[in-house]
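Trainee: I would like a close look at a single part of this structure. Please take me through it step by step.

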Amino acid sequence: MDLLQISNLYVNFTTKAGVVRASDGVNLEIKQGESLCLVGESGCGKTIVALGIMRLLPQNAQISGKIWFKGKELLSLGKEEMRRIRGREIAMIFEQPATCLDPVFTVGDQIAEAMRVHERCSGKESKEKAIDLMEMVEIPSPQKRFKQYPHEFSGGMQQRAMIAIALSYNPSLLIADEPMTFLDVTIQAQIMELLKDLVSKFRTSLLLITHDLGVAAEMCDGVAVMYAGEIVEKGRVSEVFKYPKHPYTKALLGAISNDGLKPIKGSVPELTSLPSGCKFHPRCPLVRDVCREARPEMKNGVRCHLWEKS
Amino acid sequence: MGEKLIEVKNLKKYFSSGIFRKSYVKAVDGVSFEIRKGETFALVGESGCGKSTVGRCTLRLVEPTSGEVYFKGIDILGLNRELRDLRRKMQIIFQDADGSLNPRMRILELLVEPLRVHGLLNGRGMAEALRLLELVNLTPDLLGRYPHELSGGQRQRVGIARAITLNPEFIVADEPAASLDLSVQAQMLDLMKRLQGEFGMGYLFISHNVNIVRLMAERIAVMYLGKFVEVGDTRKIFNGAAHPYTQALLSAVPTTDPSARQNRIVLEGEIPSPINPPSGCRFHPRCPEAKAVCSEVEPALQDTGSGHLVACHFAS
């Protein structure tokens, strides 16, 4: 059974420049223990989907669709019910741990706070558990580090602390939004190993959001490629990256590869004035007349007219 | 091989910090390299390794603590007023086009500003601006707009156009594509290559991205804590890196190709502070192959054959 099932998620924002269609009918399923990666360039709506699941979208967002999680429909839950799910059942880590940690409390306090809130345990107990958690995420000398403030932590260590907080209540689903993007490659490799180990150890499902196809390929079983608010291709990582079907996926994989530079012409469309038909058609090398007119349906894991016939 | 364009010898830049107890951040600690005409030489390394400081010292945008920098044989650190004229020939492209374009100027003004500053305008501003826009594949309707009205890719193109306005012979490109999306990144790098083919500039290309460096540069230098640990032909280094840090750096890059993923070296620990770098070889606390000698004696950057330089006691 699917742990999370998103069906027809639409998220619009009304702005002075027009209606921004940030998520334009997204369908997605994550099974228990599966790791799925949402890849795409900036502004394609991947973070909107994550925030939609967490019900953290801004007030002015117009949301429609259904998000099923363990038999509950998240979008229709009351505030209190959602609070019980958020952080316990579904946890999230973000791109910049420095902006998520409170600079005036020690890192240890903030990890212990998560324990106190969720488990209602005493101060001393929560401190012990926090130190265990810090050990789990391989923060060296946790006793000493417990009393330090976020600015005394390096970026990699801050992200470890965030992972400790996120996994403190053993959630069923962890959403990681570009968790390694701003880290250096050697540190990124460390965090990748750590996340992979912990996710398989606790059998947590993972929704990883990234623009880095390499990270996606190494971390996840499944992948969904997003472009301009919709999913254009999804499937197993091993298949999609080896035999990409959608021209956009192909172009992304080939843009900077060992075979040289193959730039994709044009740029990502404005979400206020999306192209008609297939949203990728103005940039697609294989464009045909039908692509300009009709929006392709998702069939056999790809949203492309050229694949509908075969 | 073309003529020698840039020669840097034993460049050092220390930044002092602290009020009562002076300490020095050794951002760059003795690097030497040459760049020839039409060549791309890349500096790769992680944040804080000093690669940007090398770039800025080479243009004398930051005053080096010691060392020598020659542009076509002219010692630019000894120049005063003449440096201003020489600057026409040496330009820089910044990572952050947002931060390097004046938000109050229109694109037209931004494009002709270098000409105005050097007194070369002579009423040909508009023609020049149109020529530049065409070179970087932008449309003339952008001339009246302000930087915030452009996309990130377009802004970076304006940054590149400004750098080539004065027909420079040498350009420092400091992470020119790092803030852009993958599809736009490729466009930008392609553009830089095309311009180099057309005008034959030498590039000092600074990047943390190993994949990009591989495509852009003929020769690369890998930096760690202010020093070069390995210098050589791009192809040679990618086919057989000799320094353990280079090996780890290359293997750490996530890839979509499962067969390339097998020999991952995950380094322990983090980059030490450049205020008091480790004794001996600076990489020894994280090095998987460190021996006793590494913590005592600093290895020299030595030629292991045909210009492949490595700073490691055990490089074969």
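In chain B, 4 strands form an open sheet: in what order do they lie, and is the pairing parallel or antiparallel?

Mentor: Remember that this is a predicted model. The order in your sheet is β2-β1-β4-β5 of chain B, and the pairing is antiparallel. As background, strands of a sheet pair through backbone hydrogen bonds, either parallel or antiparallel.

Start at the edges. They are β2, residues 23–36, and β5, residues 74–75, of chain B. Each of these two strands pairs on one side only.

Strand β1 of chain B covers residues 4–17, and strand β4 of chain B covers residues 66–71. The two run antiparallel, and 5 bridges join them. Find Lys12(B); its bridge partner in β4(B) is Ser66(B).

Next, look for the helix on this sheet. Helix α1 of chain B, residues 51–58, lies across β1, β2 and β4 of chain B. Its direction is at about 120 degrees to β1(B).

Now set the sheet in its chain. Chain B has 11 helices and 12 strands. Along its principal axes, the C-alpha trace of chain B spans about 65 × 50 × 45 Å. Of its 316 residues, 44% count as buried. Look at contacts between residues at least 6 apart in sequence: in chain B, 63% of them join residues at least 24 apart.

Chain B also holds an open sheet of 8 strands. Read the order as β6-β7-β8-β3-β9-β10-β12-β11 of chain B. Here the pairing is mixed. The edges are β6, residues 90–93, and β11, residues 302–303, of chain B. Each has a single partner strand, so one side of each is left without a neighbour in the sheet. Strand β12 of chain B, residues 309–310, pairs with β11(B) over 2 bridges, in the antiparallel sense. There, Gln302(B) stands opposite Val310(B) in β12(B).

Follow α6(B) to another helix. Helix α4 of chain B, residues 107–117, packs with α6(B) at an angle of about 30 degrees. Their axes are 7 Å apart. Angles under 35 degrees count as roughly parallel, and α4(B) and α6(B) are therefore roughly parallel to each other. Their crossing is right-handed. On the α4(B) side, the meeting residues are Ile107(B), Leu110(B), Leu111(B) and Pro114(B). On the α6(B) side, they are Val158(B), Ala161(B) and Arg162(B).

Now turn to where the chains touch. The contact takes 29 residues from chain B and 32 residues from chain A. Three elements of chain B give two or more residues to its side: α7 (182–199), α8 (210–216) and α10 (244–251). Of these, α7(B) gives the most, with 8 residues.

Cross over to chain A and pick out Val268(A). This residue lies in the loop between β12 (260–261) and α12 (289–293) of chain A. Val268(A) is buried, with 21 other C-beta atoms within 10 Å. Leave aside residues up to four places away in sequence: Val268(A) then touches Glu41(A), Gly43(A), Cys44(A), Ala228(A) and Asp181(B). Phe280(A) is 12 residues from Val268(A) in sequence, and their C-alpha atoms are 8.5 Å apart in space.

Finish with the whole of chain A. Its secondary structure comes to 13 helices and 12 strands. Its radius of gyration is 20 Å, close to the 19 Å from the globule rule for 310 residues, so chain A is as compact as a globular protein of that length. The C-alpha trace of chain A spans about 70 × 45 × 40 Å along its principal axes. Of the 310 residues of chain A, 47% count as buried.

Terms used: Residues are numbered from 1 along each chain as its sequence is written. Chains are lettered from A and ligands numbered from 1 in the order in which they are written. This is a predicted model: local features need pLDDT of at least 70, side-chain atom pairs count only at pLDDT 80 or more; totals for chains, interfaces and linings use all residues. A residue is buried if 20 or more other C-beta atoms lie within 10 Å of its own, exposed if 12 or fewer, and partly exposed in between; C-beta atoms are placed from the backbone. Two residues are in contact if their C-beta atoms, placed from the backbone, lie within 7 Å. Two strands pair if DSSP finds at least two bridges between them. Axes are lines fitted to C-alpha atoms, for helices over the stretch in contact, and angles run from 0 to 180 degrees between N-to-C directions. Angles under 35 degrees count as roughly parallel, over 145 as roughly antiparallel, 65 to 115 as roughly perpendicular and the rest as oblique. A crossing is left-handed if the near helix is turned anticlockwise from the far one by less than a right angle, and right-handed if clockwise. The radius of gyration is taken over C-alpha atoms; the globule rule is 2.2 Å times the number of residues to the power 0.38.
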